[in-house]
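Here are some brief notes for a first look at this structure. Please keep the sequence and the 3D view open while reading.

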Amino acid sequence: YIKEGDSVSQFDSICEVQSDKASVTITSRYDGIIRKLHYNLDEIAYVGKPLVDIEIDASKGVASEEDVVETPPMSHEEHTHQEIKGHKTLATPAVRRLAMENNIKLSEVVGTGKDNRILKEDILNYLAKQTGAILPPSPKAEIIPPLPKSETVSAAPKDKARKLPVPVSRPIVFSGKDKIEPITGFQKAMVKTMSAALKIPHFGYCDEIDLTRLVQLREELKPLAQTRGIKLSFMPFFIKVRCAAEHPASHNIGVAMDTEQGLIVPNVKNVQVCSVFEIASELNRLQSLGSAGQLGASDLTGGTFTLSNVGTIGGTYTKPVILPPEVAIGALGKIQV
């Protein structure tokens with residue numbers, strides 16, 4: 001969002017990065033002038049390496065040397081301190097910005113991090129107490145979606161003695177060139193998660209269900225959904241039915257989505273308190289963000305169960321792969337007469 005020579009203030013957006021988890025906007029930690037950009041657009045930025053040089057005004061009590069803003073995650077030394085009521089409150093710029101956007105004083109928040117550092121979860125929990133909102137659990141494990149695949153086996157011809165056709169001999173002309181591309185971002189995370197998922201013993205069960213009444217119900221509700229600006233697919237119904245079969249808890253139902261970045265699994269939070277229309281509206285939002293590569297970490301983490309739908313491309317049965325640390329996954333084939 002900036003170029004060399006630009007003036008920036010604290011919390012101004014510097015750039016947006018696509019990690020293996022989600023899209024993250026990096027903001028300036030200082031008031032100053034951009035003197036150097038260490039990366040161009042679409043280049044790979046490495047964690048811990050300089051991202052941009054910012055020259056700070058010496059008249060503001062800060063040394064007039066170039067300071068370096070580094071790519072996340074920040075180390076302990078890189079976290080900034082904030083003086084509040086005579087004592088230091090530890091919080092990262094992102095956390096301070098979140099507090100500022102929600103008009104929360106850091107002095108009123110109890111930090112649960114090391115040395116009483118205020119974490120993002122502390123701000124969200126404080127906000128939840130004020131508003132009564134239901135927040136999803138924040139899992140420790142890295143959750144990145146696996147890619148469900150259906151295995152196919154080529155059958156060998158039974159009559160091996162039959163005469164094989166003779167191929168026509170002609171020169172092979174191919175002008176293209178093979179190239180090697182590094183596995184980064186979502187693809188890198190998919191490989192890591194798929195490898196972990198395939199270490200889990202899987203048990204599969206398939207069945208066919210008569211959906212005649214569901215098809216009729218959706219047709220009846222589609223006009224009402226349209227008046228609310230909601231695209232109503234079959235998925236919200238399946239998500240709600242899955243939720244009804246689960247024990248009382250937070251039901252954060254993930255939905256596998258195919259995007260340009262790869263297969264991702266955002267989840268609809270707290271389905272147990274949502275209507276079918278609310279689920280459909282949230283699915284519309286997640287699909288729009290997924291297509292644009294704008295899904296945040298909160299959208300991609302905290303899932304308790306996942307549904308994968310191959311019906312849009314055909315197929316009756318599929319064998320989905322569990323998304324760790326979840327313990328089950330469901331898959332839907334096509335609806336057919």
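1. Two strands pair if DSSP finds at least two bridges between them. Keep that in mind for the sheet below. Note also that this is a predicted model.

2. β9 and β12 run antiparallel, and two bridges join them. Across this pairing, I253 stands opposite V268 of β12.

3. What is the strand order of the open sheet? It reads β12-β9-β13-β14, four strands with mixed pairing. The edges are β12 (267-268) and β14 (329-332). Each has a single partner strand, so one side of each is left without a neighbour in the sheet.

4. Now the core. Nonpolar side chains tend to be buried together in soluble globular proteins. Here the largest nonpolar core holds 29 residues. The members touching the most others are M235, F238, I239, V271, L283 and L307. Two or more residues each come from α4 (212-227), α5 (235-244), β9 (253-255), α6 (276-291) and β13 (305-309).

5. Which residues does F238 contact, leaving aside its neighbours within four places in sequence? They are L211, L214, L307 and L332.

6. Helix α6 also contains E282. Is E282 buried or partly exposed? Its relative accessibility is 22%, so E282 counts as partly exposed; buried would need under 20%. E282 and N267 are 15 residues apart along the chain, and their C-alpha atoms are separated by 9.2 Å.

7. Finally, look at helix α1 (residues 93-101). Its buried residues include P93, V95, R96, L98 and A99. Just after α1, N103 adopts a positive phi of about 55 degrees.

Key: Residues numbered from 1 in each chain as written. Predicted model: local features only at pLDDT ≥ 70, side-chain atom pairs only at ≥ 80, totals over all residues. Heavy atoms only, no water. Core = buried A, V, L, I, M, F, W, Y, C linked by side-chain atoms within 4.5 Å. Buried < 20%, exposed > 50% of the residue type's maximum accessible area, 1.4 Å probe, protein only. Contact = heavy atoms within 4.5 Å.
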